[in-house]
Amino acid sequence: MKEVYINMDKRLKRIRSLGTWFGLGDFPKAPGTLGTLGAIPFYLLLCYLRKIFPNILMYNSFYFIFLMTFFAVSVYVADVCEREIFQKEDPQAVVIDEVLGYLTTLAFVNPVGISQTLWAIGLAFLIFRFFDITKLGPIDKSQHLKMGIGVVMDDFLAGIIGNFLLVCLWTIFF
């Protein structure tokens, strides 16, 4: 695999780096879990960006636009990883979809302060990983779509369902 990586052009190296979320997907044990954990610093950056918006509605709109853009990028990256880099369906090393699913789980929660942020990060991790691993109902069926969409869609749906559960819990307890 290393020799193939050395012979890749710069475009494919960048796409592989994004697909494996900067190498976390290359770990032999639990790459999906590591990819999800790798999303946490990115989420913290997004939380920090909240400060530049005048109100929470504008931030939520930004977060939504960001998620839709990241969805499109993830589909493209997953498709190139499947067809050109790993040359197999839904390669385990591709974890950009876990990042998208985890960030989707945290959408519109808007924790305030360190304590709430840590609670949100922890609950979102547990909820998203549960739905990602169990692949209940339509989550499993969505994996069979082609051209990178199947790689991304199951995690995106796990994130959407996880988001609903997290928002319900957040409303009750926070």
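1. Asn-110 in this predicted model is buried, its relative accessible area being 16%. That value falls under the 20% limit for a buried residue. Asn-110 is placed in the loop between α5 and α6, and its phi is near 50°, which is a positive value in a residue other than glycine.

2. The loop between α5 (96–105) and α6 also holds Phe-108. Here too phi is positive in a residue other than glycine, with a value near 65° for Phe-108. Phe-108 has a relative accessibility of 38% and therefore counts as partly exposed.

3. Aromatic pairing is the next topic. Over the whole structure, a search returns 16 aromatic pairs. In one of them, the ring centres of Tyr-59 and Phe-62 are 6.2 Å apart and the ring planes stand at 40°, so this pair is classed as tilted. The angle lies between the limits of 30 degrees for stacked and 60 degrees for edge-to-face rings. Both Tyr-59 and Phe-62 belong to helix α4 (residues 56–85), where three residues, about one turn of the helix, separate them. Tyr-59 is buried, with 2% relative accessible area, whereas Phe-62 is partly exposed at 26%.

4. A second pair is formed by Phe-130 and Phe-131, whose ring centres are 5.1 Å apart; their planes meet at 75°, so the arrangement is edge-to-face. Phe-130 is partly exposed, with a relative accessible area of 44%, while Phe-131 is buried at 11%.

5. Which residues do ring pairs link into a cluster? The members are Trp-21, Phe-22, Phe-42, Phe-53, Tyr-59, Phe-62, Tyr-63, Phe-66 and Phe-70. Tyr-59 also has a charged neighbour: Arg-50 lies over the face of its ring, at 5.4 Å from the ring centre.

6. Helix packing is considered next. Two packed helices are described by the angle between their axes and the distance between the axes. For helix α3 (residues 31–49) and helix α6 (residues 113–134), the axes come within 11 Å and the crossing angle is roughly 150°. This makes α3 roughly antiparallel to α6, since an angle over 145 degrees is assigned to that class. The crossing in which α3 passes α6 is right-handed. On the α3 side the contact is made by Gly-32, Thr-33, Thr-36, Leu-37, Ile-40, Tyr-43 and Leu-44. The α6 side contributes Thr-117, Ile-121, Phe-125, Phe-128 and Arg-129.

7. Helix α6 also packs with helix α8 (residues 149–173), their axes coming within 9 Å and crossing at roughly 135°. The two helices are therefore oblique to each other, and their crossing is right-handed. Residues of α6 in this contact include Gln-116, Trp-119, Ala-120, Leu-123, Ala-124 and Ile-127. Among their counterparts in α8 are Asp-154, Asp-155, Ala-158, Gly-159, Ile-161, Gly-162, Leu-165 and Trp-170.

8. Phe-128 takes part in the contact with α3 and in the contact with α8. Phe-131, the buried member of the edge-to-face pair with Phe-130, is likewise among the α6 residues that meet α8.

Note on methods. Residues numbered from 1 in each chain as written. Predicted model: local features only at pLDDT ≥ 70, side-chain atom pairs only at ≥ 80, totals over all residues. Heavy atoms only, no water. Phe/Tyr/Trp six-rings, centres within 6.5 Å; stacked < 30°, edge-to-face > 60°. Helix = DSSP H or I, 4+ residues; strand = E, 2+ residues; numbered from the N terminus. Buried < 20%, exposed > 50% of the residue type's maximum accessible area, 1.4 Å probe, protein only. Lys NZ or Arg CZ within 6 Å of the ring centre and 35° of its normal. Axes fitted to C-alpha atoms, helices over the stretch in contact; angles between N-to-C directions. Parallel < 35°, antiparallel > 145°, perpendicular 65-115°, else oblique. Left-handed = near helix turned anticlockwise from the far one by under 90°. Contact = heavy atoms within 4.5 Å.
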